[in-house]
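Biologist: Can you walk me through this one? I have some quick questions.
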Amino acid sequence: MTSLPQSTERKMGLVIDLDTCVGCHACVISCKGWNTENYGAPLSDTDAYGAEPSGSFLNRVHSFEIEPEDNSPAQIVHFPKSCLHCEDAPCVTVCPTGASYKRAEDGIVLVNEDACIGCGLCAWACPYGAREMDSAAGVMKKCTLCVDRIYNENLPEEDRVPACVRTCPAGARHFGDLGDRESAVSQLVTERGGFDLMPEMGTRPVNKYLPPRPKDRLNGAGPRSAPLASPSAGATDAQGFFAWLDRALEKI
Amino acid sequence: MHPAPSVIIFTVLSGAGFGYLAFLGLGLSLDTGFTAFWQFTLAFSMAVGGLISSTFHLGNPQRALLAFTQWRTSWLSREAWAAVATLLIAGFYAIGVIFFATRITSLGWLVAAMCIATVFVTSMIYAQMATVPRWNTVLTPIYFVAAALAAGAMLAGQGATAILLLLVLTLIQIACWLRGDRRFAERGHSIASATGLGTPGSIRLFEAPHSGSNYLLKEFGFQVARRHAVKLKVICIATLGMIPVLLIFLGGGIVSLILAFAFHLAGICVSRWLFFAEAEHVVQLYYGNAPAPLGT
């Protein structure tokens, strides 16, 4: 049923740390690997070895450059983006067949591919580009929050998190219940000032992003290409044995 | 947005078909017997042909019947119901007119009202999209209904009404373009709000997430229209409104009406192509493609 639940018991989701993400795309690959052989139709590729390769992915990493207005050095921010499992998910209510739904128990937004007619309206309604139509299967693909991993008792406990979280070598992705204020992910959001993407759309995303910390600056608000320390400067400031040696050599 | 031919044909044909059916419902220029049969055949085949065309862009059209289930929340599902209900009731009305030479006036009025309602519901599929600011305005349903009625008046041979509706449609069309160009900026979407980082002038895409294309870029990243937009708009206004108005005004009976409708149909196809091709989706912000700011 494409009516949204009034509220969900839990709000399972991701917290993505833009300060820590190194932009390695490992989450993209592990996501494709897990989800192409598990939930629903495989994530197909077209012209994979040809001139114009294209394929379905549930997670993509954009990279942005920020130039602070105070002339301090530019900053590169790697920006992974997947379904945000919105509380007011516009993709769910537009679905004419009931294929798209949001689960009342954990808030995960899923597609029942057996009922999907592939009209694409849900992808139109999503501001975040979180849904991609699979060109081979003709059904809509989206992040399932690895619903087939997180409750899977056949897996060791440390593997019961989404594939992207499990694989991230930088620890930039965190998984948990964002509806529980005491959870580690909720505390992380509070401590670091986690924010929503496109809050003006009124979608109330569950996933949060943690802002990059300000970059270290050599000379405060100095010139953009701050000169590095001059190579000879160290000797004059030497202390202890080297300072004595410095003075002794000076006297010879 | 990608201007899929199946969806352009759907909105143009079913709009004109339901517009014509509305005039037949009002009993304007409606005959009985064999003539009425052909009148209803034309209206039904345009409306139904459009609806069938709309299923061609589906990934799994064999499950299309499921689209009747979610009328509580989905405008697309409501559209399926509205179209089928209108065609059924219009079918009963047509049987009375064709075979019994009896026009049930109240049923006719109901048919007319339901035709307009169906076109309105179709337009809401687009107007509801908060992600496409250009569509997300009250002008979208007004434009769809006006286009359907103008086409209907021409097919029904209502010269004076057609001229009036064509002029109104032309004004609405120009209003849609003028307002549409401002919508994105008005709504305050920017790469900064999309990413939550920096300020609009200080952040830019450094590297796209993939070197090839994907569904999002094919569906939402259509750029071709912008290059020829001004020329196409001039052609659109001329063929959609001005030439048909002139042809009907100068008179000449059925031939000039058919010619006028042919021009109008071409014009409304251009208009609908621009409707899709010019529409900017907010997801493009993540790909560094913001619409040009106002005044450029």
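Biologist: Start with B:Leu21. Leaving aside neighbours within four places in sequence, which residues is B:Leu21 in contact with?
Modeller: Those are B:Ala43, B:Ala47, B:Ala90, B:Val111 and B:Cys115. Contact means C-beta atoms, placed from the backbone, within 7 Å. The model is predicted: local features need pLDDT of at least 70, side-chain atom pairs count only at pLDDT 80 or more, and totals for chains, interfaces and linings use all residues. Residues are numbered from 1 along each chain as its sequence is written, with chains lettered from A and ligands numbered from 1 in the order in which they are written.

Biologist: Which residues touch the most other members of the largest nonpolar core?
Modeller: B:Tyr20, B:Leu21 and B:Ala150, out of 155 residues. Helix α5 of chain B, residues 139-155, gives the most to this core, with 13 residues.

Biologist: New topic. How many residues does each chain bring to the contact between A and B?
Modeller: Chain B brings 46 residues and chain A brings 51.

Biologist: And which element gives the most on the side of chain B?
Modeller: β1(B), with five residues. Strands are DSSP E runs of at least two residues, helices H or I runs of at least four, numbered from the N terminus.

Biologist: What does β1(B) join in chain A?
Modeller: Strand β4 of chain A, residues 60-66, through four antiparallel bridges. Pairing takes at least two DSSP bridges. A:Ile66 stands opposite B:Ile203, and A:Glu65 stands opposite B:Arg204.

Biologist: What is the strand order in that open sheet?
Modeller: β5(A)-β4(A)-β1(B), antiparallel. β5(A) and β1(B) stand at the edges with a single partner strand each, so one side of each has no neighbour in the sheet.

Terms used. Two residues are in contact if their C-beta atoms, placed from the backbone, lie within 7 Å. A nonpolar core is a set of buried Ala, Val, Leu, Ile, Met, Phe, Trp, Tyr and Cys residues joined through C-beta atoms within 7 Å. A residue is buried if 20 or more other C-beta atoms lie within 10 Å of its own, exposed if 12 or fewer, and partly exposed in between; C-beta atoms are placed from the backbone.
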